[in-house]
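Please go through the briefing below with the sequence and the coordinates at hand.

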Amino acid sequence: MLGYTVRRILQMIPVLLGATFIIYALTFLMPGDPISALTGERPLPEATVMQIRQAYHLDDPFFVQYGNYILGVFRGDFGIDFFGRPVLDLILERLPVTFALALTAWVLKLFIGLVIGVYGGLRRGQSGDHFALVFTVLFMGVPGFVIALGAQTYFGVHLGWVDPAGIRAGWPMAFILPALVMAFEAAAGLARLTRTSLVEVLRAEYLRTAKAKGLSPRRIIWGHALRNAMIPVVTYLGLSLAGMLGGAVIIEAIFNIPGIGGLMVSSINNKEGTIVVGIATLLVLVYLVFNLLVDLTYGLIDPRVRI
Amino acid sequence: MSTAHEAANPLLEIKDLRVEFATRQGVATAINGVDLSLQRGRALGILGESGSGKSVTARTIMGLLDTPPAKVTGGQILLDGEDLLAVTPKRRRELNSASVAMVFQDALSALNPVHPVGRQIGELYRVHRGYSPAEAKKAAIQMMDRVRIPVAASRVNDYPHQFSGGMRQRIVIAMALALDPQLLIADEPTTALDVTVQAQILELLTEQQVENNMGLILITHDISVVREVTDQVAVMYAGRIVENGPTAQVLSEPAHPYTRGLASSVASEELKGQLLPAIPGSPPDLLNLPAGCAFAGRCHLANQQCATEVPELDEIAAQRHTACFNSQEVLAHA
Ligand SMILES: Nc1ncnc2c1ncn2[C@@H]1O[C@H](COP(=O)(O)OP(=O)(O)OP(=O)(O)O)[C@@H](O)[C@H]1O
Ligand code: SF4
Ligand SMILES: [Mg+2]
């Protein structure tokens, strides 16, 4: 187990390098000049421009820039922004907000997705199942931001149940609407996966055995079907928590939530490449860690892959 | 059927059982009037080519058919006089495993992959007899000992995938025998195993059957197994029993052309262990059964009567029945 974990952590290094390289290259290629963005397109004296470019190593070759950056990352140094603040501090300051949003959304999604999926799986082909199918298709088909804007206008502006934007109300009230939007968006996929997996398991030979043993339907479902049906779902759930962080970035912008999403958007607008790369690198890192956690906990539910 | 005394009180009696499947193409008549009878402590072999309805019969007895697509359209299954097709779901659950149990073909898929084997055996004692977890575990270890799993106590918490194929099938047998059922149905219990293990599993099954005076129904493609293990044999064709009787007699002097086709080609010792021989032609379409004898299309004795009338399963000698208009001729040429 320990050896496996260490090996997996070492395997993360090349993945992290590859991912950050791509992100770094993309930011490097971002159109526009960071310095003119910084000054609001007003011309600066040539000497000042030179000085800034030098301070931020903007004239070094790409590979040197990337190399310096990645060496810093491994030391926990994500660079500084144009105002001299460490990027890591900026991110860490806002990360709790994003985590709160993503985690709330994830728990809601877990509940909604599992309930709909299990219900559809048990009532396969009946009206409840058809309803669940329509529901999932609807939420999978409509783009997330449309649902977000719609919910914001209706519940926030028209009905006034919650603030349409901002986090003045604190957790949970300020988070409930954006989290619900994210949850429903993502629950559709979870519901489908759960349903498919359960339908598959219900056909399994060992459920026939359970019936031959004279077990009650309830015992057959709870004791024998659901845990097996959850095996593929667990992988998905773990990774989706990481995915939720990515989803939060978009939702935060719409609901004006001061998490890393807002930071990301403003940094892109200001051509602050270091911050963009920093956030992306951190998200990749979180994703990899979750992936590892999923693999390590997988054996708890499926003894066949126990390490 | 058999002697007057035995026939009065059989363990299992199936009367005119009929099962249909709703399929895309139409209604398939999988079981088309099956009659069977089995005495306590006896072993009955069921032979028949693929698709003849052996597994559907077994599953109907166990109440394991998926309805739909399956539908029992007629008949009775009397276990100790109680009609299994008429009992309430609750009574059905009481009887399953406690009175009638089943050993499945593929032990790996028959066992739940995420539960330790001891728990899967122990569950029977928990549910049917209200044992505590500790008692159930103890009983499970005893069962594992009884089917001769080495060092059972140390393996009780292992998972199905940690056992070899033969040991897994022993676990499935332990589960089937746990509540001392009166009737055990084994549907091709050794097909998934290699030859040396097959013999051990069969030995275990017969030994347990004799020791516990259980009725055993053994479904197989292997005539030599039927010969060695069973007292009675029933031959199925297109959802009907076409011949039954004492195993040795039926296999040495078949009275039905289909049985003769099966038996003659494995008469010699070299062919021992081989699966059922292929008989020229193919079974009838279950969606569209012929008006007369279902075997007519492949039978060299078929005549006008065979094409229009369905032969009944008639007594042709003591304890022997066959469904063929020309059985005397078949017997004469044996
Ligand atoms: N789920 C099902 N849906 C439709 N038809 C079915 C289904 N299960 C069985 N049948 C029909 O019942 C017939 C008998 O099947 P069964 O499984 O009893 O055959 P078998 O004698 O056990 O064959 P084998 O030796 O291959 O195990 C098949 O030919 C098939 O047409
Ligand atoms: S009844 Fe006729 S067709 Fe059927 S097996 Fe006998 S001889 Fe052949
Ligand atoms: Mg079968």
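A polar side-chain atom of Ser55(B) lies 2.7 Å from an oxygen atom of ligand 1, and a backbone N or O atom of Val56(B) lies 2.8 Å from an oxygen atom of that ligand. This is a predicted model, in which local features need pLDDT of at least 70 and side-chain atom pairs count only at pLDDT 80 or more, while totals for chains, interfaces and linings use all residues. Residues are numbered from 1 along each chain as its sequence is written, chains are lettered from A and ligands numbered from 1 in the order in which they are written, and side-chain values use heavy atoms, with hydrogens and water left out.

**Ligand 1**

- Glu188(B) has a side-chain N or O atom 3.3 Å from an oxygen atom of ligand 1, where a polar contact is a pair of N or O atoms within 3.5 Å.
- The protein covers 69% of the 630 Å² of accessible area (Shrake-Rupley method, 1.4 Å probe) that ligand 1 has on its own.
- The shell around the ligand holds 14 residues, the closest being Ser50(B), Lys54(B), Ser55(B), Val56(B) and His221(B), and a residue is counted if one of its heavy atoms lies within 4 Å.
- Helix 2 (54-62) and strand 1 (12-23) of chain B each supply at least two residues of this shell, helices being DSSP runs (H or I) of at least four residues and strands (E) of at least two.

**Salt bridges**

- Over all chains there are 18 salt bridges, each defined by a side-chain nitrogen of Lys or Arg within 4 Å of a carboxyl oxygen of Asp or Glu.
- Arg320(B) and Glu243(B) form one of them, with the closest N and O atoms 2.6 Å apart; because Arg320(B) lies in strand 12 and Glu243(B) in strand 10 of chain B, the pair ties together parts that are 77 residues apart in sequence.
- Arg320(B) is buried at 3% relative accessible area and Glu243(B) is buried at 0%, where buried means under 20%, exposed over 50% and partly exposed in between (1.4 Å probe, protein chains only).
- Salt bridges with shared partners join Glu82(B), Lys90(B), Arg91(B) and Glu94(B) into one network.

**Nonpolar surface patch**

- Leu2(A), Val6(A), Leu10(A), Ile13(A), Leu17(A) and Phe74(A) form a nonpolar patch with about 560 Å² of accessible area together; patch residues have over 30% relative accessible area and no salt bridge, and nonpolar side chains are joined within 5 Å.
- Helix 1 (residues 2-28) of chain A gives the largest share of the patch, 5 residues.
- Leu2(A), which is in helix 1 of chain A, counts as exposed at 69% relative accessibility.

Note on methods. Patches are made of residues with over 30% relative accessible area and no salt bridge: like charges are joined within 9 Å, nonpolar side chains (Val, Leu, Ile, Met, Phe, Trp, Tyr) within 5 Å. A polar contact is a pair of N or O atoms within 3.5 Å; within protein, one must be able to donate a hydrogen and the other to accept it, and residues adjacent in sequence count only if both atoms are side-chain atoms.
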